[in-house]
Amino acid sequence: MGPADAALVAGGGLLAGAVNAIAGGGTLIAFPALLATGMPALTANITSSVGLVTGYAGGALGYRRELRGQTGRLKALAPPAMLGGLIGAIVLLLTPSDGFKSAVPFLVLAACLLLAVQSRLAAMVARRRAATVAAAAAAQSGTEPGTEPGPPEGAITWPTRIGVFVAGAYGSYFGAGLGVLLLGVLGILLVDELQRTNALKTLLSFGVNSIGVMVFLVTAQVSWAFAGILVVTSACGGVLGARVARLLPANVLRTAVVVLGVVVAVVLLVR
């Protein structure tokens, strides 16, 4: 490993950690940087996953304030997210290198579409949930619908668990777009501020990547020198990225996530 390669990967790790904390897709910064050093694609993908796990931890640390009051959500969503991460990592190890590279652009584009319509779908889900609870309360009390309070904010449903599981499997398979997909699923199925949803997304992403890393470590397909660089720089980038994201208006952050996802998909299709 020469100084130029080390500097390239260090810069990629710093930026990838920040991007993962803000929107997701940091793998598409670290992964090409590793490929530029001459590393095989599968080794680069696994090394990137190992090295960027601290970036998610740094992002979660930066979001301490927004994570307050979300312990119940984490207890409900962490198991399906981590189970998905385990399955995705195993599938990756069983998939030829060309296979996963061909599928990723379309998965990222699907996640972008999901996030682009997030506001309308979230409003639709909230209205249906409120109407269902109000109707049930009215049936029991004999009052008219609309006189009882709506469902508790942040209630976790099975569709939310399934969506998080699918996102976890995808994210462990190839990390680019994990944040986009998780943020889309959580934004649609949970009623909350975008920054709190983004904080929850970041911590769940850390759990998904941690499980994937445990699987990848037994394969001996990690370039430890480059992974060590990414571990340090992505953690720093994650903390900085969380601070930047907190300053952005919700609509700006959502637009940035969608644009980033489309760019990621286009880059992969071109490659």
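Author: Let's start with Leu 34, which sits in helix α2 (residues 27-36). The model is predicted, so local features need pLDDT of at least 70 and side-chain atom pairs pLDDT 80 or more, while totals for chains, interfaces and linings use all residues. Numbering runs from 1 along each chain as its sequence is written, and side-chain values use heavy atoms, with hydrogens and water left out.

Reader: Why does Leu 34 count as buried?

Author: Its relative accessibility is 0%. Buried means under 20% relative accessible area, exposed means over 50%, and partly exposed is in between (1.4 Å probe, protein chains only). So Leu 34 counts as buried. Along the chain, Leu 34 and Phe 226 are 192 residues apart, yet their C-alpha atoms are 7.9 Å apart in space.

Reader: Okay, and the whole fold: how many helices and strands does the protein have?

Author: There are 12 helices and 0 strands. Those are DSSP runs numbered from the N terminus (helices: H or I, at least four residues; strands: E, at least two). Of the protein's 271 residues, 52% count as buried.

Reader: How do you know that the length of α8 agrees with what it should span?

Author: The expected span is 1.5 Å times one less than the number of residues. Helix α8 (residues 158-173) has 16 residues, so it should span 22 Å; its end C-alpha atoms are 23 Å apart, which agrees. Buried residues in α8 include Thr 160, Gly 163, Val 164 and Ala 167.

Reader: What does α1 reach from its first C-alpha to its last?

Author: Helix α1 (residues 3-22) has 20 residues and reaches 29 Å, close to the expected 28 Å. Among its buried residues are Ala 6, Val 9, Gly 13 and Ala 16. An α-helix has 3.6 residues a turn, so residues three or four places apart point the same way.

Reader: What makes Arg 65 and Glu 66 a salt bridge?

Author: The cut-off is a side-chain nitrogen of Lys or Arg within 4 Å of a carboxyl oxygen of Asp or Glu. For Arg 65 and Glu 66 the N to O distance is 3.6 Å, and a search of the whole structure finds 1 salt bridge. Glu 66 has a relative accessible area of 8%, so this residue is buried.

Reader: Where does Arg 161 lie relative to Trp 158?

Author: Arg 161 lies over the face of Trp 158, 4.9 Å from the ring centre. A charge sits over a ring if NZ of Lys or CZ of Arg is within 6 Å of the ring centre and within 35 degrees of the ring normal.

Reader: Which residues make the nonpolar surface patch?

Author: Leu 83, Leu 86, Ile 87, Ile 90, Val 91 and Leu 94 make it, with an area of about 510 Å². Patch residues have over 30% relative accessible area and no salt bridge; like charges are joined within 9 Å, nonpolar side chains (Val, Leu, Ile, Met, Phe, Trp, Tyr) within 5 Å. Ile 90, in helix α5 (residues 71-94), has 41% relative accessibility, so Ile 90 counts as partly exposed.

Reader: And Met 214: buried or exposed?

Author: Met 214 is in helix α10 and counts as exposed because its relative accessibility is 55%. Val 50 is 164 residues away along the chain, with 8.6 Å separating the two C-alpha atoms.

Reader: Why is Leu 217 called partly exposed?

Author: Leu 217 lies in helix α10 (residues 194-217). Its relative accessibility is 38%, so Leu 217 counts as partly exposed. Leu 217 and Ile 46 are 171 residues apart in sequence, and 8.8 Å apart in space, C-alpha to C-alpha.

Conventions:
Areas by Shrake-Rupley, 256 points an atom, 1.4 Å probe, with all protein chains shown as cover.
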